[in-house]
Amino acid sequence: MSKGITSRADDYAKWYTDIVQKADLADYSAVRGCMVIKPYGYAIWERMQAELDRMFKETGHVNAYFPLFIPQSFLAKEASHIEGFALECAVVTHSGLEKDPETGGLRPKGKLDEPLVVRPTSETIIWNTYKDWIKSWRDLPLLINQWANVVRWEMRTRLFLRTTEFLWQEGHTAHATAEEAEAEAHQMLEVYRTFAEDFMAVPVITGRKSDSEKFAGAETTYCIEAMMQDKKALQAGTSHYLGQNFAKAFECQFQNKNNELEYVYATSWGVSTRLIGALIMAHSDDKGLVLPPKLAPYPVVIIPIYRKDDEKETVLAAARTLKGSLEADRSLRDVRVKLDDREQYTPGYKFADWELRGAPIRVELGPRDVAAGQVVIVRRDTGVKQTVPVDQADELIVSLLGEIQSALFQKAHAFREQNMVPVDTYDEFKRV
RNA sequence: CGGGGCGUGGCGCAGUCCGGUUAGCGCGCCUGGUUUGGGACCAGGAGGCCCCCGGUUCGAAUCCGGGCGCCCCGACCA
């Protein structure tokens with residue numbers, strides 16, 4: 001199979017799906033609208049999770065897990081919430097299967113007394129739980145995040161950008177005052193901004209959604225919006241101030257310091273696997289994926305080059321030594337180094353393959369280099385190639401990784417500044 | 001839900017208009033050998049309910065009828 005991908009100029013949508021599939025990130029599945037996230041794509045998600053999870057914990061949050069299924073009646077308790085999500089809900093109505101004597105196939109068996117909705121988001125099941133956890137001002141604030149999958153039956157789907165089932169995190173916090181909840185919503189929006197800009201190298205604009213676009217059930221929805229290479233805005237994350245809407249719907253009250261009963265104030269905030277779509281569309285080119293070093297599964301890939309068996313041994317030994325030295329370097333502690341020692345591919349194939357997969361730095365190491373005590377280092381983003389003594393490789397790689405990370409941000413930022421049209425509300429953004 | 005496109009070995013396609021040997025090509029896969037500094041090459045080989053159901057016919061991937069599925073563009077949405 002040819003690994004060539006459609007150019008952006010020819011067909012932007014095709015270019016995007018080509019990258020997703022040919023860079024081995026994800027693929028379509030047997031279920032319409034649902035994708036298989038392949039190991040290389042999932043590795044990017046794990047990098048995102050690791051950094052976001054660290055930031056959530058640094059801001060005082062802990063992880064928990066709530067059920068996938070929500071009793072149908074819960075959804076109805078917050079009027080605008082159900083209005084927003086009703087048409088997207090997958091509903092479970094039966095509990096088993098039995099043989100259908102007429103068709104010979106299977107049919108659902110026991111009908112449930114109350115249908116269960118597969119969560120499109122977890123506010124309702126969580127607030128039904130919080131009402132039992134929160135009795136006193138001493139129980140507040142409650143700062144919880146969960147990593148989960150959710151299902152929204154969208155009419156049309158696109159790999160990573162909008163799938164029927166997707167992975168995300170959703171933070172759900174409870175506070176004693178409106179001010180504190182507002183501050184939390186803003187804090188998490190800033191966490192998202194920091195993550196997008198410092199790790200994804202994607203500049204974002206923070207803002208407030210118009211009433212027509214805000215989260216169903218929120219008082220206010222704040223968001224980060226990123227501009228993609230097709231000059232469209234992509235909503236990359238949202239943070240909602242929910243006021244007392246869910247507390248009232250689920251009768252969640254606490255006694256304040258004045259011995260009065262009061263409804264709890266809430267926030268919720270989330271980012272999803274859509275971020276991977278944003279990452280692709282922000283930096284990649286016609287040769288494939290371009291990943292920022294901080295989120296690349298392998299920021300550094302070593303490609304050994306050899307002809308005969310004795311060369312192979314020498315080169316692989318040198319490559320392993322280099323890998324070990326890079327991994328042992330203090331300043332490279334977090335850098336994941338891949339030695340591509342696959343036997344069935346030639347070096348040329350591997351060069352192209354890792355360009356397609358977006359590895360930020362490629363290290364070429366062949367007999368000539370081993371003999372001369374040098375390595376060849378190539379940047380994915382610029383294609384610039386340099387040869388350095390092997391004992392200087394660590395230092396150069398450290399500085400290059402930093403340079404690439406900031407160069408990607410600068411490039412994306414400059415692009416946005418050139419193409420952005422000021423608008424009053426996000427309604428006016430052309431949306432992806 | 002409107003519009004468009006497509007269903008043929010794992011993937012990408014040709015063949016369908018105009019029915020007729022054993023359904024073909026490229027990539028990938030397996031075996032052996034030669035290779036390896038930009039997507040290697042040679043030889044041999046495995047792998048098909050031609051989306052499904054019905055009809056026409058001596059004969060259907062191909063014609064007719066009816067389904068189903070998927071992708072792309074829009075509306076909706078993280």
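Reader: Which residues come nearest to RNA strand B?

Author: The model is a predicted one, and in it 41 residues lie around RNA strand B. By class, this surface has 16 nonpolar, 10 polar and 15 charged residues. Of those 41 residues, the ones that come nearest are Ala13, Arg32, Gly348, Gly366 and Arg368.

Reader: Which helix gives the most to the surface near RNA strand B?

Author: The elements that give two or more residues to this surface include helix 1 (12–22), strand 13 (233–243), helix 11 (367–372) and strand 20 (374–379). Another of these elements spans residues 347–356. With 8 residues, the element that gives the most is helix 10.

Reader: How many helices and strands does chain A have, and what does its C-alpha trace span?

Author: Along its principal axes, the C-alpha trace of chain A spans about 80 × 65 × 40 Å. Among contacts between residues at least 6 apart in sequence, 67% join residues that are at least 24 apart. The secondary structure of chain A comprises 12 helices and 21 strands.

Reader: Which residues is Val202 in contact with, leaving aside its neighbours within four places in sequence?

Author: Val202 is one of the residues with the most contacts inside the largest nonpolar core, and Ala226 and Ala278 are also among those residues. Once neighbours within four places in sequence are set aside, the contacts of Val202 are Ala196, Glu197, Ala226, Ala278, Leu279, Ala282 and Ala412.

Reader: Which peptide bond is cis, and what is its omega?

Author: Most peptide bonds are trans. The cis bond runs from Leu140 to Pro141, and its omega is near -5 degrees.

Reader: Is Phe160 buried or exposed?

Author: Phe160 has a positive phi of about 65 degrees although it is not a glycine, and its place is in the loop between strand 9 and strand 10 (165–175). A residue counts as buried if 20 or more other C-beta atoms lie within 10 Å of its own. Because Phe160 has 27 other C-beta atoms within 10 Å, Phe160 is buried.

Reader: Is Asn259 buried or exposed?

Author: Asn259, which is not a glycine, has a positive phi near 70 degrees, and this residue lies in the loop between strand 14 (253–255) and strand 15 (261–263). Because Asn259 has 7 other C-beta atoms within 10 Å, Asn259 is exposed.

Reader: In the open sheet of order 4-8-5, what is the pairing?

Author: Strands of a sheet pair through backbone hydrogen bonds, either parallel or antiparallel. This open sheet has 3 strands, and its edge strands, strand 4 (69–71) and strand 5 (90–94), each pair on one side only. The twist averages 40 degrees from one strand to the next. The pairing in this sheet is antiparallel.

Reader: Which residue in strand 8 is the bridge partner of Ile70?

Author: Strand 4 pairs with strand 8 (residues 111–118) in the antiparallel sense over 3 bridges. The bridge partner of Ile70 in strand 8 is Val117.

Conventions:
Residues numbered from 1 in each chain as written. Chains lettered and ligands numbered in written order. Predicted model: local features only at pLDDT ≥ 70, side-chain atom pairs only at ≥ 80, totals over all residues. Near = placed C-beta within 6 Å. Helix = DSSP H or I, 4+ residues; strand = E, 2+ residues; numbered from the N terminus. Nonpolar A, V, L, I, M, F, W, Y, C, P; charged D, E, K, R; others polar. Core = buried A, V, L, I, M, F, W, Y, C linked by C-beta atoms within 7 Å. Buried ≥ 20, exposed ≤ 12 C-beta atoms within 10 Å, placed from the backbone. Contact = placed C-beta atoms within 7 Å. Pairing = 2+ DSSP bridges. Axes fitted to C-alpha atoms, helices over the stretch in contact; angles between N-to-C directions.
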